[in-house]
Amino acid sequence: MIDAASLRTFGGSARVFFFAAVVLSGLLASCSSPKSGAAGTGSTGNLIVNGNAEAAVGSDDGTPVSTPNWVSAGEATAAQYAVNGWPAPTDSGPADRGLNLFSGGPVDSASSLTQTVNVSHYAGSIDKNHATYKLSGWLGGYADQGDNATVTATFQDALGNPLGTGSIGPVTASDRSNQTGLLPRSSDGTVPSGTRKVLVVISMVRTDGTANDGYADNLSFIFSGIDANLLGEVALIKTGWQTPLMLGAPTAP
Ligand SMILES: [Ca+2]
Ligand SMILES: [Ca+2]
């Protein structure tokens, strides 16, 4: 956290403040997390990797491109905003939408992107039924077409047996007032006991026209109610209390 040389640069009062901060930091860590309210628990970061489709250059014409961390079935791919009929910066969507969104492809009537999330590290909290989840993201489509996207999280045990599901979407053309764009959706619940991995699937469906205009972006999947000892120092720093008290960036052990 901080070395002796750095400490010597502080005055006496600063040193006292530092040690008081460390004690306070420890007390806060042992108390309830601001995010969960439950004693000694906290939240994970986003468990979906590349949930914002920004990890690589998106397609500019619908032809599927490499979409890191996702397994594509059919033509589902990351695609660029504001070209080829995809949502423009002025269309409804996340403020931090970046350059790309997920789209269903140029022809397929149904396509999907799948990511498997390993959550076995949190088994201690999951099996006590303490872990809850929040699945969220932005979903949409094109103009008055019924093309749509849904995101489903299937909770599985270590052998892949399904234990339950959570999902968001679809966002209908009516939801979008027949305008091209994406709207926010979220769902939450308790992570089923025994869950060790979660299959996250973005499913895009075409009902109109040639292209599959099921859209998705900024997908997030967060667990809360996780025992603090399973979250580690990094997660505790994220509570927002520890950062200003550490008087410097943490260093690797
Ligand atoms: Ca994006
Ligand atoms: Ca279409």
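Ala76 is buried because 29 other C-beta atoms lie within 10 Å; a residue is called buried if 20 or more other C-beta atoms lie within 10 Å of its own, exposed if 12 or fewer, and partly exposed in between, with C-beta atoms placed from the backbone. The model is predicted, and local features need pLDDT of at least 70, side-chain atom pairs count only at pLDDT 80 or more, and totals for chains, interfaces and linings use all residues. Residues are numbered from 1 along each chain as its sequence is written, while chains are lettered from A and ligands numbered from 1 in the order in which they are written.

Ala76 sits in the loop between strand 2 (71-73) and strand 3. Helices (H or I, at least four residues) and strands (E, at least two) are DSSP runs, numbered from the N terminus. Beyond four places in sequence, the contacts of Ala76 include Phe102, Ser112, Leu113, Ile202 and Met204, a contact being a pair of C-beta atoms, placed from the backbone, within 7 Å.

Arg97 counts as partly exposed because it has 19 C-beta neighbours inside 10 Å. Not counting residues up to four places away in sequence, Arg97 touches Tyr81, Asp217 and Asn218. A distance of 9.1 Å separates the C-alpha atoms of Arg97 and Glu54, which are 43 residues apart along the chain.

The protein as a whole has four helices and 12 strands. Of its 253 residues, 36% count as buried. Among contacts between residues at least 6 apart in sequence, 73% join residues at least 24 apart.

Five strands form an open sheet in the order 2-5-10-7-8, with antiparallel pairing; two strands pair if DSSP finds at least two bridges between them. Strand 2 and strand 8 are the edge strands, each pairing on one side only. From one strand to the next the twist averages 20 degrees, where axes are lines fitted to C-alpha atoms, for helices over the stretch in contact, and angles run from 0 to 180 degrees between N-to-C directions.

| Strand pair | Bridges |
|---|---|
| strand 2 and strand 5 (residues 110-118) | three bridges |
| strand 7 (residues 148-156) and strand 8 (residues 162-168) | six bridges |
| strand 4 and strand 11 | three bridges |
| strand 6 and strand 11 | eight bridges |

Val71 has Thr114 in strand 5 as its bridge partner, and Phe155 stands opposite Gly164 in strand 8. Strands 7 and 8 form a hairpin with five residues between them, and Gly160 in the turn has a positive phi of about 90 degrees. In strand 11, Tyr215 stands opposite Ser103, and Phe223 is the bridge partner of Tyr133. Strand 11 is mostly covered, with 11 of its 13 residues buried.

The largest nonpolar core has 42 residues, and those with the most contacts inside it are Leu101, Phe102, Leu139, Ile202, Ala216 and Phe223. Strand 10 gives the largest share of this core, six residues. Such a core is a set of buried Ala, Val, Leu, Ile, Met, Phe, Trp, Tyr and Cys residues joined through C-beta atoms within 7 Å. Contacts of Ile202 beyond four places in sequence include Ala76, Val151 and Ala216.

How values were computed
Two residues are in contact if their C-beta atoms, placed from the backbone, lie within 7 Å.
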